[in-house]
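Structure first, then my entries.

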Amino acid sequence: MSDDPQHTPRAIGGRAPDVLHPGGWVPMRQYSDDEEVDFAIVGTGAGGGTLACKLAEYGFSVVALDAGPYWRPLEDFASDEHHQAKLYWTDERIVDGDNPLQLGANNSGKSVGGSTVHFAMVSLRFRPEWFKARSKLGYGADWPLDWREMWTYYSEVENALKISGPVNYPWGPKRPRYPYRAHELNAAALVLAEGAEALGIAWSPTPLATVSAPRGHSPPCVYRGMCVIGCSTNAKQSVLITWLPRALDAGAEIRDLAMVGRVEHDKSGRVTGVRYHRQGRWRFQRAKNVVVAGYAIETPRLLLNSATSRYPDGLANSSGLVGKNLMVQANQAVWGMMDREIRSYKGPPSLAITEHWNYTDAGKDFFGGYAYMSQGPLPVVWSGVESTKRGLWGQPLIDEMERYNHQVGLKIVGECMPQENNRVTLADERDQYGLPIPRVTYSYCDNDKRLIDHSLGFMRDALEATGATEIWDETDDTCHLNGTARMGDDPQTSVVNADCRSWDIPNLWICDGSVFPTVGGVNPSLTIQAIACRTADRIKALAARGEL
Amino acid sequence: MRRADAALDFAANAALIGAAVLLVLRPRLVARAANSPLLPKARDLAVAGARALVPPAPPPLSWHVSTARQLSRLIASYSPTRIATARALTKRAGRRLNGSSALLAFSVLADSAVEHYRGSFANRAMYTPLVTSALTLGGSLFGMADARPKKHTVRDTIYAAAAATGFAGLCFHAYNVLKRPGGASWNNLFYAAPIGAPMALALAGLLGRGAERVRDVPPRQRPTILGMPAGRALAAVAAGGLFGTVGEAALLHFRGAFQNPAMVLPVTVPPVAAALLGAAALRPNRQTNRLARWWLRFTALLGLGGVGFHIFGVSRAMGGWRNWSQNVLNGPPLPAPPSFSGLALAGLAALSLIEDETDA
Amino acid sequence: MPDRYPGYDVLQKRHSPSWNDQTRAVIDRRMAIDPDHHAFFSDAEWPTMRAICDRIVPQPPNRLHPAPVAAMVDQKLHDNSGDGYRDARLPPLREAWRRALAAIDAEATSRYGRHFHEIGALLQDDLLKAIQNGEVDDKAWGDMPAKIFFQKRLLHDVVSAYYAHPAAWNEIGFGGPASPRGYVRMNFDRRDPWEAAEARPGREDKARAENARVG
């Protein structure tokens, strides 16, 4: 394509890119800004994209706006880490606190399809008890959702994405079989398996959102290992190639390169639409309902940036919790060297997993749980670990990097506790749109540190048992972002209710990872999409009763 | 029909007596006639005519046969047509079984070459099935062309080696699966050495041995294998082989999530054919045999059609044929489906032997 | 140090199914970067930057196509392309580098009386180690903590530039670009014919011959 998707919108002129056919187009229904659509959705990722699809399929008029480009994976994606930084949110954000976070490539996408365009596709269900973390497990907060209800929505999402998972999954209550079979294990995954068997715990091939057999126009995964810099074969079942084509088919409009700057409201306090920047100028899309789905940093940022005299603390913020309770997940790792060649860069990064410490409560001196997975870092990321985390440079770095094909590691996804002082606020600097940029403040609490220590010790044992040597700990890494607009059943202690409807403004909804009251010890993407499916059903029910 | 049969036999007997008289009175004439090239053709024509006129006989209604009938059968068994028919039948069954073994050997040669290359020939023993299946293929092609009613020692030995290699391969593959983390887990069954694949080579060997046994039969006798009538024994082997191959296809198509509706064909059609073949072996009758014959033909066609589907599967993988260096190794195995055809042909050969056996 | 992957070159696969059009365009641009071109760093800053890159990611002197690390970092700063987050203790990207280069030169001058690029490799390493440990105090650093700059800016930008270049991929035996063709053999000690062959001690020739066939 000779157009530049990062500077010229593609979803215009009544059509949107057909991401499944090179150079192809699909017709797209377009609404004028003055048309008061049923739903204006900010963000087209795991929350916004899924919701746009379901609402359109239920017959609502939907405009979904995304600040990011509308990629054509088959044509636009190169096999190069440096170039593919174009998938990430690289606009400036300030990080501070005791443990300043890494953002950008680590956890923030800027694409139609959101972070699912660059995610590692790990698709796991919550442990049921986590939905009642406070009452059942004694920490965090309870979700206002029942796990049994979520179980059916998890099934819907797993089927929509044809998750490739093992025939028998060792943990959790009974569940239907994954629609596709799990992938072949690479050497890094076999190391995890050997270690787990040596320590006597269960392990499993990881359920992944990339297909192990043909699916429609998606070919099976070719194990190129570049998932986190964008799948150029469309084996990865991102929101971009699954929910969004359905959304377009059902009459939704997607607007790429459309940065929403403010959500406006009227004298009664209800929101009226979104102010967004596209093709060089500011515009305003009228809507009966606005859904904010910008993920856990952009969502509170937008709500705070939309402050007015009526809502001086930002929209939906009577609880004062918008931007607070930011949670990441611990992503510490243990690395080692093996005589055997591992070449871990082949295949998806996390082909094997153990959730042992998510489901075992005895033997822990901390609340919460963690899973750990095998890894396959690409050269630039790996060099960053060896230099900025381990401190190597000069000839020692060159020598160590030369052993790239022998390195192996285990990495956790660990539950961090919600803390109000971990938060997203507005900084004084402004971005290219003139909007205040976010400041992201994060510090571990003692429970987080105990969980991390436990995991490092356990993974070290697991790695040693396989014959790995020169084992060292990577202690500074986190993943994912959640919690900054938590859901609950009390307006004083939450921002939205179980239906993702804000307490303060009945036609303002938030549907992304921000709504998690606790973060659990598994990657959040499946849960976010399940929440979006549930929210769509609830909206449909409420609309039928005239309560919208 | 029986009257026509008897009339032909009488004519053949008359010709035989006439030839005997001629031999005594004019030996040179007989010698020249015996060496005439027209004689084999005439014989073949007569045999073909006899075959066309003599349909598969239903089983005898009672075991009790009168002395007169026994005597007439004894005389008839010396009938050259009868002898020629029987021997042609076993020869053709034999050559068909060689053909079936050839198809299986070809499938194993191509499949094991690709898959063991994929396994980097990490264990030296992985060369063995390539050598053995190549020899089996060569020997079987020879056997298909060989019209002599004799078993061939070299071929027979190759077949024995094939069977042994196949069974050894089964052990190697089982070890490969069990030694990985997870042991006999679904993931290892999907991605480690395929358990059922060496059985195709074992079957090629067994059926080839059957081919040799079947053609090497003294006159007036029916071929037997391990004391059993050959047709029934070979039907058991072919049916068992079909069920085993169905299991292998089921495992790998399950791995492929049956994403294409056609993937249910190799797990539905061949089992019916195998079941019918088994029924024909145990209780042959015209109805069962006809059904079995058609289902086996269908299975044979399916084997070829499967190659077409697998070609499509490779072409729709990422990069298609241009990415052959990955997709031929990772994609659906191109040479695997013809093993169904090979077994189906063996089943058809067994079926005709069974029909001959019951045509007493 | 002998080559671990002798004769291996990812560029040999440029026309193979391992590379696609977009990748070729991107890597061609990278290979065409002029190592001496600098649009952001001044003429005074440039030798300091070159010297820093030579110490952080030293390349063999006989390398045919060395990675133009300094020029790549210069391009990043010229484009002002950030990573999407900035430690609150650091000033924005461009200012951080300008200040640091001035400070590093000031440190060299105050310790050894010469510019950083003139003091030789050993002393340069000493100074860089001191910065990494936060043991520098020249007022040119201002309120920017040298230790944080070293870890989060200097190492991050310089090292990631180097390992984004095919020369580094060859050095570490990385498979390189992989689309549409990915990988078949994923088990221990297995390589696909288009991957780098590792030279076992005493078997360098065998690996070299295998790497010549990569494509």
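Predicted model: local features only at pLDDT ≥ 70, side-chain atom pairs only at ≥ 80, totals over all residues.

**Strand pairing between chains**

I looked up Val95(A) and found it opposite Asp87(C) in S1(C). Strand S5 of chain A (residues 94-96) and S1(C) run parallel, joined by two bridges; I count strands as paired if DSSP finds at least two bridges between them. Helices (H or I, at least four residues) and strands (E, at least two) are DSSP runs, numbered from the N terminus.

Residues are numbered from 1 along each chain as its sequence is written, with chains lettered from A and ligands numbered from 1 in the order in which they are written.

**Chain C against chain A**

I checked the contact (C-beta atoms, placed from the backbone, within 7 Å): chain C puts in 48 residues and chain A 58 residues. On the chain C side, H6(C) gives the most, with six residues. That side divides into 22 nonpolar, 15 polar and 11 charged residues. My classes: Ala, Val, Leu, Ile, Met, Phe, Trp, Tyr, Cys and Pro are nonpolar, Asp, Glu, Lys and Arg charged, and the others, Gly among them, polar.

**Inside chain B**

I found domain 1 (93-217) and domain 2 (227-360) in the assignment for chain B; such bounds come from an automatic or database domain assignment. Their centres, taken over C-alpha atoms, are 16 Å apart. Each domain of chain B brings 26 residues to the contact. On the domain 1 side, H5(B) gives the most, with 13 residues.

Terms used:
Contact = placed C-beta atoms within 7 Å.
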